[in-house]
Amino acid sequence: MSPLKPRLFLLDVEGTITPLSLIYEQLVPYARSHFAQFLRQRGGDAAIVGDLTLLAEENRADVEKTRPTFNDPQDPEAGLPYIEWLMELDRKSTALKSLQGRIWKGGFEKGELKGTLFADVPPALERWSSHGQVAIYSSGSVAAQLLLFRYSTFGDLTPLIAGYFDTRAGLKTASASYEAIAMAMNVQTRETIFFSDVVRELDAAKAADCQTRLVMREGNAAVEDAHGHVRIKSFAGI
């Protein structure tokens with residue numbers, strides 16, 4: 001059976017629509033340099049306490065013996081060693097991503113940060129949204145995704161995007177996550193095409209019966225075995 005025409009264009013962020021350098025050379029260092037002041041000033045806010053409570057739960061469930069201990073959300077700065085440890089290991093912590101997103105919000109609103117996108121992204125969003133839906137699925141929080149597109153180097157692109165999903169939808173390496181996203185967007189998985197630079201994520205999407213494309217951007221890690229996923233270097237013509 002030939003693939004159905006996509007009704008949902010589901011996009012990874014890092015290495016797919018943004019250069020990896022945006023994350024690791026701009027956003028992560030910005031969060032790292034502002035975390036202490038942020039927790040000192042806003043650690044008592046209800047939303048921040050909620051993130052810290054989740055962070056403490058993640059810490060208790062973490063099986064890595066070398067992790068710094070954090071168990072008191074009422075002492076925000078005590079979480080800094082664990083936060084720094086998570087960032088150093090690039091762990092996909094939901095609580096960390098939420099806290100980072102809150103810090104980035106200030107940076108974007110002040111004009112200190114901009115959402116750098118590849119040049120082929122805006123026209124692709126225009127095309128796809130004209131006859132289907134576009135959604136984002138990233139380990140970065142939904143709040144951070146919104147900032148990226150609202151303050152992009154091409155202006156506000158949020159009107160072109162119908163949905164945003166982060167790790168609250170499930171792990172990107174789990175096929176159930178793609179089934180849940182398709183259901184939320186009211187499409188079938190076989191009507192969904194997922195774009196990513198990570199083969200393991202594409203494997204999970206394919207296992208859920210999604211169509212897939214392996215995005216090969218300049219600066220991405222080389223991929224020797226694409227596991228049968230079609231490779232593309234640009235969204236042009238799709």
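Predicted model: local features only at pLDDT ≥ 70, side-chain atom pairs only at ≥ 80, totals over all residues.
Now colour helix H1 (20–42) and helix H8 (199–207); each of them gives at least two residues to the lining. If you colour the lining of the largest pocket by residue class, you will find seven nonpolar, six polar and eight charged residues.

The charged end of Lys 172 sits over the ring of Tyr 137, 5.6 Å from the ring's centre.

Next come the aromatic rings. The whole structure holds 10 aromatic pairs. Select Phe 108 and Tyr 151: their ring centres are 5.9 Å apart and their planes meet at 20°, so this pair is stacked. Phe 108 belongs to helix H4, while Tyr 151 is in the loop between helix H6 (142–150) and strand E3 (163–165), so the pair links parts of the chain 43 residues apart. Are these two residues buried or exposed? Phe 108 is buried, with 3% relative accessibility, and Tyr 151 is partly exposed at 24%.

Move on to Trp 128 and Phe 235. This aromatic pair is edge-to-face, with 5.2 Å from centre to centre and 65° between the planes. Trp 128 is part of helix H5 (residues 121–131) and Phe 235 is in the segment after strand E6 (230–232), so the pair ties together parts 107 residues apart in sequence. Trp 128 is buried at 1% relative accessibility, and Phe 235 is buried at 1% as well.

Then show Arg 217, whose charged end sits over the ring of Phe 235, 4.9 Å from its centre.

Finish with two loop residues. Asp 90 is in the loop between helix H3 (80–89) and helix H4 (94–109). Asp 90 is partly exposed, with a relative accessible area of 31%.

For the last stop, select Asn 186, in the loop between helix H7 (175–184) and strand E4 (192–196). Asn 186 is not a glycine either, and its phi is positive, near 60°. With 62% relative accessibility, Asn 186 is exposed.

Terms used:
Residues numbered from 1 in each chain as written. Heavy atoms only, no water. Helix = DSSP H or I, 4+ residues; strand = E, 2+ residues; numbered from the N terminus. Buried < 20%, exposed > 50% of the residue type's maximum accessible area, 1.4 Å probe, protein only. Nonpolar A, V, L, I, M, F, W, Y, C, P; charged D, E, K, R; others polar. Phe/Tyr/Trp six-rings, centres within 6.5 Å; stacked < 30°, edge-to-face > 60°. Lys NZ or Arg CZ within 6 Å of the ring centre and 35° of its normal.
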